Amino acid sequence: MIKKPFFGLGKPKLRYAGISDLDGKQIRDLPLPARITLLHRSAGGPQDDPIVYPGEEVRTGQKLALYETGEEYLFSTATGTISGIADAQGYAGQSFLSITIDLKPKDRWDTELEKGVKDTSLEKLLPFISHLPGISDSCFHIGRDHPLKTVIINGLDQDLLVATNQLMVRDNADNLAQGVDFLKELTGAESVVFAVPPYLKSEAEKSGAQVRVIEPLYPNASPRLLVNEILNRPVPPWEDFKDLGVGLISPEGVLALRSAAMEGKVPVTKVITVIDKDYGLTPVRARIGTPVGDILQSLNINLSQGDRLVSGGPMQGRGIYSEDTPVLHDTDAIMVQDKSRMIAPGSDPCINCGECVRACPSRIPVNMLIRLLENGLYEEAAQEYDLLSCVECGLCSYVCVMRIPIFHYIMLGKHELALTGGQEE
């Protein structure tokens, strides 16, 4: 998909990928890699030395306590030997603890954990909910201090050319019905709403949840826009979903909770939509922690100098700078872009055409916002031109006549603001 300037009186009519775009393809299970890398987002501030160490044997599903103090941990998604521990940085400079595990050919499941999680009580499940595939820490908070009134299952995918959530709805109607029953029991939510495109309505109705059909036009699946559409209640930037008693979860997250509670095993794989250089879609299931390069090799996708790797889709994806970057529990897509199809950002200033303002679903004066962001005036951008109201859909960059990388300026502005305490990342 080559970006072209857009001239019009509103948002461009971009449609999400549908099940028909997969041509009946089934999810392909990829083999175990030789090694995996697990990443733990650091809590910030000084940390003790990790209490895990190279040479330690770990089992699949084993809970790995990371420090003597605190309750920070990871779950091993495979069986093997820890071969390396290091500090790492994320896309916007976030700090991570990286644990590399050399794998053995067969899984040995951690039986103690298996017995412990085979329980539907909130207390038993809370410790590992944020580590399950398909669950986003930023959208799904569960706890006695913040009981949920409404749970929204997002059966649409948030970016273009991605079909991960839709595949899970298409192929797992029976298990989703069990998962929804458990979700109601776990959260005590007054209602569970299943948001799906029209062509998945019948599958969603089998779940027993209240079904809400959403027109598959981008960016309708964006969490804040979706909550506004379903509850008729906008989510201001200073409020979290938990403050509203709302939790968003993907169909894969529902299935992960069901598996943990009913089968007694922590899910260790992630379903991903792989987007190749010709924009063909291939759904795969890989072990969490698998290097991106191993996935591309399994699909015979070759990288050349100058090609671009992206975690996510074409509108909201983040650049991947190493083929060793691992699949995480919230990785929904990997995109490979051929160097010949890239369009370089422009270096000329804004001409104030207003296309970005017309396209913005949050109605932000983007033409003014970008002027402050280009000059590093992040606090002023938040206070005067609603930087934090941006839902990060990327439409502003898509329609920009001058090809200014507005979306990247916005991400940088939010990150820099977070470092000063102006916003939580």
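**A helix pair and its surroundings**

Modeller: Y378, E379 and A382 of α11 are in contact with L412, G413, E416 and L417 of α13 (contact: heavy atoms within 4.5 Å; helices are DSSP runs of H or I with at least four residues, strands are E runs of at least two, both numbered from the N terminus). The model is predicted, so local features need pLDDT of at least 70 and side-chain atom pairs pLDDT 80 or more, while totals for chains, interfaces and linings use all residues. Residues are numbered from 1 along each chain as its sequence is written, and side-chain values use heavy atoms, without hydrogens and water.

Another helix, α3 (residues 164-171), is largely enclosed by the rest of the structure, because seven of its eight residues are buried (under 20% relative accessible area with a 1.4 Å probe, protein chains only; exposed is over 50%, partly exposed in between). The buried residues of α3 are T164, N165, Q166, L167, M168, V169 and R170.

As for strands, an open sheet of mixed pairing has six of them, ordered β1-β13-β12-β16-β14-β15 (a pair needs at least two DSSP bridges). β1 runs parallel to β13 (residues 281-287) and is joined to β13 by two bridges; R28 has V284 in β13 as its bridge partner.

Two aromatic pairs turn up in a search of the whole structure (ring centres within 6.5 Å; planes under 30 degrees apart are stacked, over 60 edge-to-face, the rest tilted). Y16 and Y218 are edge-to-face, because their planes stand at 65°, with the ring centres 5.6 Å apart. Y16 lies in the segment before β1 and Y218 in the loop between β10 (210-213) and α6 (223-231), so this pair links parts of the chain 202 residues apart. Both Y16 and Y218 are buried. The pair Y73 and F75 is also edge-to-face, at 5.9 Å centre to centre and 85° between the planes. Y73 is buried at 12% relative accessible area, and F75 at 7%.

K63 sits over the face of Y73, 4.5 Å from the ring centre (NZ of Lys or CZ of Arg within 6 Å of the centre and within 35 degrees of the ring normal). R224 is placed over the face of F241, at 5.5 Å from the ring centre.

How values were computed: Rings of Phe, Tyr and Trp (its six-membered ring) pair if their centres lie within 6.5 Å; planes under 30 degrees apart count as stacked, over 60 as edge-to-face and the rest as tilted.
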